[in-house]
Amino acid sequence: MSNKDGKPVLMRVNGELTDLGAATVEADQFEFVFPEHPDALNVFRHSCAHLLAHAVVELFPGVQYGVGPAVENGFYYDFLTEKPFTPEDLEKIARRMAHLAKQNLPIKREILPRQDALELFSRKGQFLKVELIHEKVEGESVTVYRQGDFTDLCRGPHLPSTGLLKHFKLLSVAAAYWKGDEASHSMQRIYGVVFPTREQLDDHLGFLREAKERDHRKLGRDLDLFSIQNEIGAGLVLWHPRGAMIRYEVEKYWREEHLRSGYELLYTPHIARGELWETSGHKGFYSENMFTPIEFDHTEYQLKPMNCPFHLVVFKSRTRSWRELPLRWAELGTVYRYERSGVLHGLLRVRGFTQDDAHIFCTRDQILEEVKELIRFSLNILKTFGFVELDVFLSTRPENFVGDPEEWDLATNALERALKESGVAFTVDPGEGVFYGPKIDIKVKDVLNRSWQCSTIQVDFNMPRRFDLRYTNEIGDIERPIMIHRALLGSLERFFGILIEHYGGYFPVWLAPVQAVVIPINDRNAAYAGQVRNNLNQKGIRARLDSRSEGMGRKIRDAEMEKIPYILILGDEEEKNQDISLRIHRSGDQGKMALEELVHSILKAIEEKTFAKKVQH
RNA sequence: GCCGGUGUAGCUCAGCUGGUAGAGCAUUUGAUUCGUAAUCAAAAGGUCGACGGUUCGAGUCCGUCCACCGGCUCCA
């Protein structure tokens, strides 16, 4: 079943992965790489992409193959074809791949003179490859890999033979542009996964199933949290009572934490005059994402895509002293951005959303401390939601930028130092900064180890200049403040989507829309059950009474499916002793206990923002 | 926006080559009063995504649009 037969599949020579068959010269360092080694996985993927192309070329004569790399979770290969592939085609292709793998064809590296390679691919009608050689290959020799009758332009390395590719699955087919260019050919991209062992493949397919089960669009409907409907419009979210409850709790926590950390809150309108967006520059560089202006009273108004201009205008509303800085202003500001129809995706990509925005106005000298504080603050809040593993990126000056390179350096150094002094590991993303300044991005990892962009911290010299912001410094001179933009959760909609998937719909008690359900076993117990429910409500616990004329089993089942953390079951025995029987979702029966004991436990879980836990007697 | 796919009851899905719509779950009502994941029965529920066309007749064929899904590109 597995490849654990002790045979190496690659070599590492002087640190570089190479084919087993490669001629070795003067190796200072040399080791064999076995299938189980993580380095081998990308090669498995890449070789499997070749196998895919091999099968497609055999089955569909006339198809041109483009590029087929290994990617994060598997591999793909792009094909230029008259007719798009159908799901049945995929099955057929997979069968052919298995057949070719079974033949255990040797995969051979060959170096051809440039001219020969060009002729070879021209003869086969593979003009995309000819294009690639012209564009990408420098020098007079071209490396190709050959397996059976199939030859592909490739740098390698590859597995020694196709026989190792046993555990793969083709997942989907989608369109992609040739070389990512919208103006170029539309290609058919086939995605697949491959692993050295059956076990790993099964694990991965299990992961995909799990991810599908957790899809926030499905859970949002099943748990009645939110909807997005045609009648309202694409990308516009309706928060149903249960989703709204969760949002309310998130917002409450968010506000409390901000007030505790020296922020003040702002509220600003959803539209503003067109001139504002000219001053801010958004009309110029952001117009693609802005909705068409509205005109009334001979004045143009614009639905806001950003909150920052409003905050700048508040800053400008009177003179500011250095003694006031830093000013930390936060707003849950709802913005509207036009997104191309094809990119909308549940709560993760919408057209109207509420940013948990904040702008910090400070002096140059304060940037470092403010950023350090922002990092601490962000990590602390993300941790509350169970996001402990993070990927942090520092994005530096892009090619197109505004402002003074010296300011850029100042800001970039401040960000870098803040990260280092905070002891946060990070990766530099060169040239990925916003045009007005460098930024720190924080991506959280959810329970399925998937990465989601949430927080962003951006230093901005540009906006304060455009709005001519000033403050008076210690010696009475006028200076321009620096602005730091930051979103922590990103947007409430997006963050909600991430939370739903992270928790799989099983929210911690403080967020659970319904925290407890009371189930009377018999109509005789209905009055007592009502009392218990009221008692819980009075303690601030969101409890519901299930008084339907249904069996207990049914009510329990429904409560479990609704993912209600605490299920209280009351029959004659409980009523007699004035206690309750507790069931915790996913954990089952917890036995009888006094109501006060349970209330205490629930309130503690709410307070500590944890999941429902077994009660300690 | 682009490429491909999809759109039938609140949800999941049947509906053959055009002849006038069906199941399970959910809902409502009635019966049932039950000890840790589905009690029984009945009823109700759809201008078949929208608009236009072909046809004696369209859920089914054609066109346009809308939305959703998988991607590309872009992004909170």
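Predicted model: local features only at pLDDT ≥ 70, side-chain atom pairs only at ≥ 80, totals over all residues.
Before I turn to the structure, let me say that buried area is the accessible area, for a 1.4 Å probe, that two parts lose on being put together, summed over both.

Let me begin with the layout of chain A, where the domain assignment gives domain 1 as 10-206, domain 2 as 221-268 + 307-503, and domain 3 as 516-608. The contact between domain 2 and domain 3 takes 4 residues from domain 2 and 5 residues from domain 3, while the C-alpha centres of these two domains lie 41 Å apart.

How much area do domain 2 and domain 3 bury between them? The figure is about 350 Å², with 46% of it on carbon and sulfur atoms. On the side of domain 2, the residues that lose the most area to domain 3 are Leu223, Arg242 and Met245, which together make up 82% of what that side buries.

Turning to the polar side of this contact, the count between domain 2 and domain 3 is 2 salt bridges, and there are 2 residue pairs in polar contact, with both residues at pLDDT 80 or more. If we sort the residues of domain 2 that touch domain 3 by class, we find 2 nonpolar, no polar and 2 charged. For a salt bridge that you can look up in the model, take glutamate 249 and arginine 542, whose side chains meet at 2.7 Å, N to O.

Now to RNA strand B, which has 52 residues around it, and of these Arg349, Asp523, Ser549, Arg554 and Glu574 come nearest. Of the atoms of RNA strand B that come within 4 Å of the protein, sugar and phosphate account for 50%.

In arginine 340, an N or O atom of the side chain is 3.0 Å from a base oxygen of RNA strand B, whereas in serine 341 a side-chain N or O atom is 3.0 Å from a phosphate oxygen.

Several elements give two or more residues to the surface near RNA strand B, among them strand E10 (167-177), strand E26 (482-491) and helix H17 (572-577). Which element supplies the largest share of that surface? That is H16, with 6 residues. By class, finally, the surface near RNA strand B has 16 nonpolar, 16 polar and 20 charged residues.

How values were computed. Residues numbered from 1 in each chain as written. Chains lettered and ligands numbered in written order. Heavy atoms only, no water. Domains from an automatic or database assignment. Contact = heavy atoms within 4.5 Å. Salt bridge = Lys/Arg side-chain N within 4 Å of Asp/Glu carboxyl O. Polar contact = N/O pair within 3.5 Å; in protein donor to acceptor, adjacent residues only side chain to side chain. Nonpolar A, V, L, I, M, F, W, Y, C, P; charged D, E, K, R; others polar. Near = heavy atom within 4 Å. Helix = DSSP H or I, 4+ residues; strand = E, 2+ residues; numbered from the N terminus.
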